[in-house]
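Open the structure in your viewer and get your selection tool ready. This tour goes stop by stop.

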Amino acid sequence: GRLGCQHPFFSFCPLHNMARHTKKVGITGKYGTRYGASLRKMVRRMEVTQHATYTCMFCGKESMKRTAVGIWKCKGCRKTVAGGAWVVSTAAATTVRSTVRRLRETVAQ
C-alpha cells in the first residue's frame, strides 16, 4: 500500500518496492515465465520433495537431508543412506522391504 508515501514516482519508491514473496509458484519462481506452467509444476513437486527434511529411520530425528542424487545423510546420527532421487524411500523400495521381510518370516518358520 501507499502508507502516506509522498514520493512523486511511487512505483519506483525504494521504501515500497521491497522483495515480495511468490503467491503460488513457490520455489519455481526463479524460472519466471519460462518453460510453461505444467513443467514448472512438475519441477516444483520434485524440488520441494528433494529439499525437504525427512525423519531418520535410525535415530527418529527430523534431520535427513539429500546430499546428492540418491544419497541421504542424517545430521543427527550422521548415518548415510542410499534412497530415491527425490524422496528418501521410494514406493518400490518399500515393496521390496516388505517382501523380503515376509520371505524371511516364511523361511524362519
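What follows is a short walk from the whole chain down to single side chains.

**Stop 1: the whole protein.** Keep in mind that this model is predicted. Show the cartoon. You will find two helices and three strands. Follow them from the N terminus: the order is α-β-β-β-α. How many of the residues count as buried? Of the 109 residues, 16% do. Next, think about contacts between residues at least 6 apart in sequence. Of these, 11% join residues at least 24 apart.

**Stop 2: Arg40.** Select helix H1, residues 37-51, and pick out Arg40 inside that range. Arg40 is buried, yet has no salt bridge. Where is the nearest side chain of opposite charge? That side chain is Glu47, 11 Å away. Now show what surrounds Arg40. Beyond neighbours within four places in sequence, Arg40 is in contact with Thr28, Tyr31, Gly32, Thr33 and Arg34.

**Stop 3: Glu47 and Lys30.** Stay with Glu47. With a relative accessible area of 10%, Glu47 is buried. Which residue forms a salt bridge with Glu47? Select Lys30: the closest N and O atoms of the pair are 3.2 Å apart. Lys30 sits in the segment before H1 and Glu47 in helix H1, so the bridge ties together parts that are 17 residues apart in sequence.

**Stop 4: a nonpolar patch.** Select Tyr35, Leu39 and Met42 together. These residues form a nonpolar patch on the surface, with about 340 Å² of accessible area together. Leu39 belongs to helix H1. Leu39 counts as partly exposed, at 48% relative accessibility.

**Stop 5: helix H2.** Move to residues 91-108, which make up helix H2. Select Glu105 and Arg101. They form a salt bridge, with the closest N and O atoms 3.3 Å apart. Why are the two about one helical turn from each other? They are four residues apart in the helix. Are these two buried or partly exposed? Glu105 is partly exposed at 42%, and Arg101 is partly exposed at 48%.

**Last look.** Show both bridges at once: Lys30 with Glu47, and Glu105 with Arg101. A search of the whole structure finds two salt bridges.

Conventions: Residues numbered from 1 in each chain as written. Predicted model: local features only at pLDDT ≥ 70, side-chain atom pairs only at ≥ 80, totals over all residues. Heavy atoms only, no water. Buried < 20%, exposed > 50% of the residue type's maximum accessible area, 1.4 Å probe, protein only. Lys, Arg positive; Asp, Glu negative; His and termini not counted. Salt bridge = Lys/Arg side-chain N within 4 Å of Asp/Glu carboxyl O. Contact = heavy atoms within 4.5 Å. Patch = residues over 30% accessible without salt bridge, like charges linked within 9 Å, V, L, I, M, F, W, Y side chains within 5 Å. Areas by Shrake-Rupley, 256 points an atom, 1.4 Å probe, with all protein chains shown as cover.
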